[in-house]
Structures are given as C-alpha cells and as structure tokens.
Amino acid sequence: MPRTIRSKIIAGFVGGLLFVGLLSVTFGWNILVLKNKMATMEQFHSLLDDLLEIRRYEKNIIIYGYKKKNISELSLYLHKTEDTIAELSDSIAKVAGREAFDKFKNNFKEYKALIDSSHAELDNANIYQIRKLGAAMLDFGDELLIKKHKRINEALEGMMFFSVTAVGGFIILIAILFQMEARSVIKRLKLITDATEDISKGNF
C-alpha cells in the first residue's frame, strides 16, 4: 500500500476516534447538566407541595379557628418552606427572574407575619389578605414549575439537535473527503491508462 494512502487512512481513523471521543464527552456533560436540572425540578415540586400544605392548614384555621394542631403544623411548613426558599434562592431567581422571586419572598414574609401575629380568630380583613397572598404564592409555585419544565424540554431539544447536527456534519464531511479521494484515484488511473495507450502506440 502506498505511503500516501496509508497516511490518509491513519489520519482518517484518528480523526474519527477524536470525533467520537469529543461527541461522547459532550453528550456525557449534557447528561450531567440534565440530571442536575431534574434534581432542581424535584426540589421545586417539593416547594410547591409545601405551599399546598400551607394553604390546606390556612383553610382549616380560617374555618375551624386557631386550634393547636393546625397552628403547629402550619408553623412547621412555614419554617420548612422558608428554609427551602433560602436554599434554592439562586435556582429560583435564575428560572423565575429576580423581580418575580423578590415579589414572592415579600408575599411569603407578609403571609407568615400575618399568621404569626394573629393568635385569635381572624378578622375579615386579615382573612382576605391571607387568602390573597396564599393564592399569589401558589401561582408563583405553579409558574416556576412550568418555566423549569420548559427549560428541561429546551435542553433535551438542544441535545438532540447537537447530536443530529454533529453526526450529520461528520457524515457529510466523510462523504466529501471520500469524493475528493475518489476523484484523485480516478485521475491517477486515467494517467496510467493514457500512458498505457501511448506505449501501445509506440510512444515511449
């Protein structure tokens, strides 16, 4: 096998290995990023579940009054949610936007303050405000999950697009290189054929 052809085969083989290696590393990195996004999604789900529990105990307090069990459970979820918000603050702000997140935090603080400051039957003004703030907090939690779900879908679509584009581009490149090499081989064969015809005609 001529040295030039052998060198091209080796170069093509090495290039193919590098491409596969790069594609594997990129795909692995995307999987890791997607895994982290899914973990954050689960945390957002937990936050929404806590908000739903808060609203459930809020309803019990409004209907049945300040019973010790309801107050204890509501306080537990309020403190748990407060810790979760602090833990996920960066992730929430990144998905929902800083302005929307700050508004949510203010609503939560005001809601918690109203619950903590009311140690007897709630008056109509406090009930209206608590329900309004609770509904706003729950709407934020729903919107947060919708936006996070959209981001995950976009990440999956990006992974698929990159994989298809990279593989398709590699195949097209191989086809172009193969076509160029085939033309080069055909050109050399034609030179040999022409030279053979000249020799057969006595033209040395």
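Predicted model: local features only at pLDDT ≥ 70, side-chain atom pairs only at ≥ 80, totals over all residues.
**Aromatic pairs and a helix contact**

Phe104 has a relative accessibility of 2%, so this residue counts as buried.

What is the relative accessible area of Phe140? For Phe140 the value is 12%, and this residue is buried too, because buried means under 20%.

These two residues belong together. The structure holds two aromatic pairs. In one of them, the ring centres of Phe104 and Phe140 are 4.3 Å apart and the planes are at 15°, so this pair is stacked. The cut-off behind that word is an angle of under 30 degrees between the planes.

Next, helix α4 and its contact with α3. Helix α3 covers residues 89-96. The axes of α3 and α4 are 7 Å apart, and the two helices pack at an angle of about 125°. That angle makes α3 oblique to α4.

Which residues meet there? From α3 there are Ser89, Ile92, Ala93 and Ala96, and from α4 there are Arg98, Ala100 and Phe101. Sorted by class, this contact has five nonpolar residues, one polar and one charged.

Last, a charge and a ring. The charged end of Arg56 sits over the ring of Tyr57, at 4.6 Å from the ring centre.

To recap: Phe104 and Phe140 form a stacked pair, and α3 packs against α4 at about 125°.

Notes: Residues numbered from 1 in each chain as written. Heavy atoms only, no water. Phe/Tyr/Trp six-rings, centres within 6.5 Å; stacked < 30°, edge-to-face > 60°. Buried < 20%, exposed > 50% of the residue type's maximum accessible area, 1.4 Å probe, protein only. Lys NZ or Arg CZ within 6 Å of the ring centre and 35° of its normal. Axes fitted to C-alpha atoms, helices over the stretch in contact; angles between N-to-C directions. Helix = DSSP H or I, 4+ residues; strand = E, 2+ residues; numbered from the N terminus. Parallel < 35°, antiparallel > 145°, perpendicular 65-115°, else oblique. Contact = heavy atoms within 4.5 Å. Nonpolar A, V, L, I, M, F, W, Y, C, P; charged D, E, K, R; others polar.
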